[in-house]
Amino acid sequence: MQVYEASIQYTVVRTSHQEMTNTPPGIVEYMRGAFDDAPLQESFYVVCLNRKHRPICRNRVTLGTATSTLAHPREVFRIAILASAAAIVCVHNHPSGDPSPSSADLEVTRQLNEASKIIGIELLDHIVIGHKDDDPSGRGFYSFRDAGLIG
């Protein structure tokens, strides 16, 4: 039998005296550069927040294909628990540029929302990042909280 030890490692993403907020534009700003290493693939991140809703860390949960990525509550909340997060925001990109959610995005958000209630770590939002030019709303991102699908 093999036994593994779980641990979390931190790397400074950004140092700033300006407070990061838990608003969608603030999270989009916090995620700047996160998708640069694989811009043609969907990447799913979890942003762990402290009790004042300031970011503790961001961690890529999965790296998918050009059109999809898999994320399960088990992997998302494992990171949140190890980071002692009070809340999380999930973020993934759409390489096509259109941040409109797919049916798979809606389903994973529903699962994450249900799991957050059981675990006791609040899911504040799930944000899909695209490009302003390809977004019908012109914002460049889609917020499930703003759409009333989380809360």
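Visitor: In what order do the elements of the chain run from the N terminus on?
Guide: This is a predicted model, and in it the elements run α-β-β-α-β-α-β-β from the N terminus, with three helices and five strands in the chain.

Visitor: And the strands, in what order do they form the sheet?
Guide: The five strands make up an open sheet in the order 2-1-3-4-5, with mixed pairing. Its edges are strand 2 (55-63) and strand 5 (141-143), each of which pairs on one side only, and the twist from one strand to the next averages 20 degrees.

Visitor: How many bridges join strand 4 to strand 5?
Guide: Strand 4, which covers residues 122-129, is joined to strand 5 by three bridges, and the two run antiparallel. As for a position within strand 5, Tyr 142 stands opposite Val 128.

Visitor: OK, helices now. Which strands does helix 2 touch?
Guide: Helix 2, residues 73-82, packs on the sheet and touches strand 1 (43-49), strand 2 and strand 3 (87-93), while its direction makes about 30 degrees with that of strand 1.

Visitor: Then what about helix 3, which strands does that one touch?
Guide: Helix 3, residues 103-119, also packs on the sheet, where it touches strand 1, strand 3 and strand 4, and its direction makes about 165 degrees with that of strand 4.

Visitor: What does Val 76 touch, leaving out residues up to four places away in sequence?
Guide: With those left out, Val 76 touches Phe 44, Val 46, Val 61, Ile 88, Cys 90 and Leu 112.

Visitor: Stepping back to the whole chain, what percentage of the residues is buried?
Guide: Of the 151 residues in the chain, 40% are buried. The chain exposes about 8,800 Å², of which carbon and sulfur atoms supply 51%.

Visitor: Last one, on contacts with a separation of 6 or more: what share comes from residues 24 or more positions apart?
Guide: Residues 24 or more positions apart account for 64% of the contacts in that group.

Key: Residues are numbered from 1 along each chain as its sequence is written. This is a predicted model: local features need pLDDT of at least 70, side-chain atom pairs count only at pLDDT 80 or more; totals for chains, interfaces and linings use all residues. Side-chain values use heavy atoms; hydrogens and water are left out. Helices (H or I, at least four residues) and strands (E, at least two) are DSSP runs, numbered from the N terminus. Buried means under 20% relative accessible area, exposed over 50%, partly exposed in between (1.4 Å probe, protein chains only). Contact means heavy atoms within 4.5 Å. Accessible areas come from the Shrake-Rupley method with a 1.4 Å probe; for residues, only the protein chains shown count as cover. Two strands pair if DSSP finds at least two bridges between them. Axes are lines fitted to C-alpha atoms, for helices over the stretch in contact, and angles run from 0 to 180 degrees between N-to-C directions.
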